[in-house]
Protein chains: 2
Amino acid sequence: MTTTNQQAPVSSAPTISRQWQLIRRPSGWPVADDFRLAEIELPPLADGEVRVRNEFVSVDPYMRGRMNDVKSYTPPYVLGETMTGGAVGRVVESRSDSLAVGDLVRHFLGWRDLAQADAAAFAPTAEVPGVSSSAFLGALGMTSLTAWVGLLVIANMKPGDTVFVSGAAGAVGSAVGQLARLRGAKRVIGSAGSDEKVALLTGKYGFDAAFNYKNGHLARQLADAAPDGIDVYFDNVGGEHLEAALYSFNDGGRAALCGAISVYNETAAPSGPRNLPMITTKGLRLEGFTIGNYQQHATAFAAEVGPLLASGQMVSDETVIDGIDNALEAFFGLLRGENTGKMVVHTGA
Amino acid sequence: MTTTNQQAPVSSAPTISRQWQLIRRPSGWPVADDFRLAEIELPPLADGEVRVRNEFVSVDPYMRGRMNDVKSYTPPYVLGETMTGGAVGRVVESRSDSLAVGDLVRHFLGWRDLAQADAAAFAPTAEVPGVSSSAFLGALGMTSLTAWVGLLVIANMKPGDTVFVSGAAGAVGSAVGQLARLRGAKRVIGSAGSDEKVALLTGKYGFDAAFNYKNGHLARQLADAAPDGIDVYFDNVGGEHLEAALYSFNDGGRAALCGAISVYNETAAPSGPRNLPMITTKGLRLEGFTIGNYQQHATAFAAEVGPLLASGQMVSDETVIDGIDNALEAFFGLLRGENTGKMVVHTGA
């Protein structure tokens, strides 16, 4: 469905919003025919509303879950409606006293280039000189908060712990590894799916050891990288990675279960680790979390991570795909592991 | 190997100890040929030693793990040596100032009728009038302490929680269910492997609902028994029971993983639950424990549970097998689920 505007806009602000909609629930790996790119003519602003030109739109692994029609911590996407997600943009028209044209805002109306809603849907955000606004979707945003909460609140990492991170070259994983090192970990180990990413882990991100899980027996590679065992596991992957971590855990180990990208597109239910009884014999704790329930830590997180990023003690990568038309391909690339660091779509100036 | 004593004993105390020894590591289900019953002539007591006639010897599921040659929280049994385990007995001869003939003692030199060692190996135990000494192996012992720690310390059960217990007619499970009810659970649900046990759960033990997991689809039976979901799961079984619990968990649910008797005798590594990603999406916590690390709670446990048992608010069952010669068969029966409540072997007066 395409709606085009044949009339002159009533203001100088753009009125045609290009938006990605889910039109069929994917079975297994999503395909292009499961989606459509709609052009929506935005109505004139109602009182209290603002119009925002998105600068960057976030694509994240958890969105795959929202494409299924199952109860989860975020509601499923509605067929035929525009998908939502994290975004950062700038106000281009306002009928609200709380936001002015030019203000930078964070919000959750992603998957579109123009967003329009009540001003309450948009959070004004102070610009950081020299930092791209895309950082508010990653290194200064929910992504790094997820790393901070999982490592420190959920897994209760302590100085001297050996920490293993799966999917370590991703946006969350690279922040976890750097935070662990800065917090006094004895050893930080990461896994990734390509030799280039592995080089990035031990180079740019300062991991003590890293391996390409596609290059050999996963549990053995981890055991070799962690000869004294691991104390903390930050799981972005699920599946065999969790099984390997259970084998390598020292007594009293803690796992923060953040995601399971390895199984998101499985149509048959994948089997779980075969060594779960080790949870009992080693006295392990596995705890899952979704960041929506931990927003109360945002202030402490920002106080710690903001200065670390500003001083260069923590670094981050972004994979930027240009144009809202390419957002779907960006999401597919994310599922295939083609990103390094945070994957974002650049949608405007 | 059998050693018989042709000489008159040097004291009136018996000197021939009948002891069960592991002579071959079982592959899968243990068989009689993996063990031998040895008759050992005990040497005269050394200074500081005592000789104890066991009254009851404990057989427990965790012993199956000790028959394997793998690192675990308790060391493997040594081939050709007598197996150890919980026991309660009475001193029959003493060369120690700290223990006198007739004293009741708890100790860990199980799987034999006569035990002899330094007095430090035996803990003097106050008799409880009208209570069989076997209770110190179960309702007043490590078994109920395991229930108390798992429910309250590990799973952090709160009044108003719905609690699910697997293997609920066992020694640990029946204590968990009763404690949960007495601690203000909204609803207590148990699973067991026979209709007789299910009747015991909703009858004698006061569970609100119970089902025979062999009689239908496990996850569906649990969902029917817990229409509003569960908040706490006490896992004695592992395998499919954990999978069913994950499906039924409410957000923020907690599992105490105590044992996995369903998989102890598997030779191929069993696959784990297929729905582990629910740990993340529901924000669940799974924590394993072995009671050896939680002995610091023994005093608080005894203060709560002792009066509950004395007043009859908590009840317990025992399955008693008579004679040290039958200890192996008792253990096999335990693995087959033939016990109701604590399984003990009666080895003396």
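A polar contact, a term you will need on this tour, is a pair of N or O atoms within 3.5 Å; within protein, one atom must be able to donate a hydrogen and the other to accept it, and residues adjacent in sequence count only if both atoms are side-chain atoms. This is a predicted model, in which local features need pLDDT of at least 70 and side-chain atom pairs count only at pLDDT 80 or more, while totals for chains, interfaces and linings use all residues. Residues are numbered from 1 along each chain as its sequence is written, chains are lettered from A and ligands numbered from 1 in the order in which they are written, and side-chain values use heavy atoms, with hydrogens and water left out.

**Stop 1: the two domains of chain A**

Start by colouring chain A by domain: residues 16-137 plus 316-346 for domain 1, and residues 142-292 for domain 2. These bounds come from an automatic or database domain assignment. The contact between the two (heavy atoms within 4.5 Å) takes 20 residues from domain 1 of chain A and 14 residues from domain 2 of chain A. The C-alpha centres of these two domains lie 29 Å apart.

How much area do domain 1 and domain 2 of chain A bury between them? The value is about 1300 Å², with 54% of it on carbon and sulfur atoms. Buried area here is the accessible area (1.4 Å probe) that two parts lose on being put together, summed over both.

Now look for polar links across this interface. The rule finds 6 residue pairs in polar contact there, both residues at pLDDT 80 or more. On the side of domain 1 of chain A that touches domain 2 of chain A, the elements giving two or more residues are H1 and H9 of chain A. Helices (H or I, at least four residues) and strands (E, at least two) are DSSP runs, numbered from the N terminus. By class, that side of domain 1 of chain A has 9 nonpolar, 7 polar and 4 charged residues. Ala, Val, Leu, Ile, Met, Phe, Trp, Tyr, Cys and Pro count as nonpolar, Asp, Glu, Lys and Arg as charged, and the others, Gly among them, as polar.

The rule also finds 1 salt bridge across the interface of domain 1 and domain 2 of chain A. A salt bridge is a side-chain nitrogen of Lys or Arg within 4 Å of a carboxyl oxygen of Asp or Glu. Select Lys204(A) and Asp317(A) to see a salt bridge whose closest N and O atoms are 2.7 Å apart.

**Stop 2: helix H9 of chain A**

Next, select residues 327-335 of chain A, helix H9. Is H9(A) mostly covered or mostly open? It is mostly covered, as 8 of its 9 residues are buried. Buried means under 20% relative accessible area, exposed over 50%, and partly exposed in between (1.4 Å probe, protein chains only). Among the buried residues are Phe331(A), Phe332(A) and Leu335(A). Show strands E1 (16-22) and E2 (35-41), helix H1 (62-66), and strands E14 (318-322) and E15 (342-346) of chain A, which are included in what covers the buried residues of H9(A). After H9(A) comes Gly337(A), with a positive phi near 80°.

**Stop 3: two aspartates in loops**

Move to Asp161(A), in the loop between helix H2 (142-154) and strand E8 (162-165) of chain A. Asp161(A) has a relative accessible area of 9%, so it is buried. A polar atom of its side chain lies 2.8 Å from the backbone nitrogen of Lys158(A). Leaving out residues up to four places away in sequence, Asp161(A) touches several residues, including Lys186(A), Arg187(A) and Arg254(A).

Then pick Asp228(A), in the loop between helix H5 (218-225) and strand E11 (230-235) of chain A. Is Asp228(A) buried or exposed? Asp228(A) is exposed because its relative accessible area is 53%. Not counting residues up to four places away in sequence, Asp228(A) touches Lys186(A) and Asn250(A). Asn250(A) is 22 residues from Asp228(A) in sequence, and their C-alpha atoms are 8.1 Å apart.

**Stop 4: the loop between E5 and E6**

In chain A, select Trp111(A), in the loop between strand E5 (104-107) and strand E6 (114-118). Its phi is positive, near 60°, in a residue other than glycine. Trp111(A) is buried, with a relative accessible area of 0%.

Switch to chain B and find Trp111(B) in the loop between E5 and E6. Trp111(B) has a positive phi of about 60° and counts as buried at 0% relative accessibility.

Finish at Arg112(B), in the loop between strands E5 (104-107) and E6 (114-118) of chain B. Arg112(B) has 11% relative accessibility and therefore counts as buried. Its side chain reaches the backbone oxygen of Leu109(B) at 3.5 Å. Beyond residues up to four places away in sequence, Arg112(B) touches residues including Asn54(B), Val57(B) and Ile324(B). Val57(B) is 55 residues from Arg112(B) along the chain, with 7.6 Å between their C-alpha atoms.
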